[in-house]
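Subject: The structure we talked about

Hi there,

Here is the structure I promised to pass on. Have a look at it first, and then read on for my notes.

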Amino acid sequence: MTNFRKYASYYDLLYRDKDYVGEVNYIDGLVQKYHRGTQTILELGCGTGKHAFLLADRGYSLHCIDASGQMLDIARDTLHATDSDVAARVEFNLGDIRSYQAGVKFDAVIALFHVVSYQTANEDLLATFRTAASHLKTGGIFIFDCWYGPAVLTDKPEYRTKSIEDERFLIERITTPEMWPNENIVDVNFDVKVTDKNSGTQETVRELHRMRYLFSPEVAYYLQECGFRLESSEEWLTGGAPDTGTWNVCYIARL
């Protein structure tokens, strides 16, 4: 797993302004709407566990997996410092979401923050959806978000810069995209310059993140192939109808 290998060290600082509470409010609302009574959740691609801890604080029990050992190290460090009641409801495991088998079924499966868009080949998408299906109880739900093709092609990805700092680090990130429209893929090139304000030392982290943008007909087909029924698709967080201005779409499927 090359994505997030060094990037993981600065991931939480870079996304410090991400509205995790608002996102968990949204996910909790979807779970209550489509599968009230859900108690157990499998999270595919949990990263440093930000969503998981907030969901556990609401009473859910989570089994979380990620392919990045570095991200999981951060999640487990946080786990050790978390309230014991919450910590008892979260488990982190190293695994590939295309092939992982927990040996137990759950009420719901979630994959957030574009985890599904990292599955760039058709066989990877199918394998990921099969993982979700194999871990769901009958009637369980699968909730995931991804980059939405109509919006990506209309409002194309752009060169961007971002600066953020805390008491120790100053981080400057340059994002340079390259589109491959015949493959429905965007190569997201990250150049991250990190300055340690205490020592004055600097390092540059370079990573390539390949992202696939998806269209609703293909999502519905892949889900059907894996035994799901697509319940709904909507704009992430707002619940509105997806359109050419909606980069991030959430899908809700039922087994």
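To start with a cysteine: is Cys 250 buried or exposed? Cys 250 is buried, and its relative accessible area is 0%. Please keep in mind throughout that this is a predicted model.

On to the other cysteines. How many disulfides does a search of the whole structure find? The search comes back with zero. Cys 250 takes part in no disulfide, as the nearest cysteine sulfur, in Cys 146, lies 8.9 Å away. For Cys 46, the closest cysteine sulfur belongs to Cys 64, and at 4.9 Å that is too far for a bond. The cut-off used here is 2.5 Å between the two sulfur atoms. Cys 46 also counts as buried, because its relative accessibility is 7%.

Next, a look at Asp 196, which sits in strand 8 (residues 185-196). Asp 196 has a relative accessibility of 9%, so it counts as buried; the limit for that is under 20%. What does the side chain of Asp 196 make a polar contact with? One partner is the side chain of Arg 168, at 2.9 Å. The Asp 196 side chain also reaches the backbone nitrogen of Asn 198, at 2.9 Å. If you set aside the neighbours within four places in sequence, Asp 196 is in contact with Arg 168, Phe 169 and Thr 201.

Finally, the overall picture. The protein has eight helices and eleven strands. Its radius of gyration is 18 Å, close to the 18 Å that the globule rule gives for 255 residues, so the protein is as compact as a globular protein of that length. Along the principal axes, the C-alpha atoms fill a box of roughly 55 × 50 × 30 Å. Of the 255 residues, 51% count as buried. Among contacts with a separation of 6 or more, 69% come from residues 24 or more positions apart. The protein exposes about 11,700 Å², and carbon and sulfur atoms supply 47% of that area.

Terms used
Residues are numbered from 1 along each chain as its sequence is written. This is a predicted model: local features need pLDDT of at least 70, side-chain atom pairs count only at pLDDT 80 or more; totals for chains, interfaces and linings use all residues. Side-chain values use heavy atoms; hydrogens and water are left out. Helices (H or I, at least four residues) and strands (E, at least two) are DSSP runs, numbered from the N terminus. Buried means under 20% relative accessible area, exposed over 50%, partly exposed in between (1.4 Å probe, protein chains only). A polar contact is a pair of N or O atoms within 3.5 Å; within protein, one must be able to donate a hydrogen and the other to accept it, and residues adjacent in sequence count only if both atoms are side-chain atoms. Contact means heavy atoms within 4.5 Å. The radius of gyration is taken over C-alpha atoms; the globule rule is 2.2 Å times the number of residues to the power 0.38. Accessible areas come from the Shrake-Rupley method with a 1.4 Å probe; for residues, only the protein chains shown count as cover.
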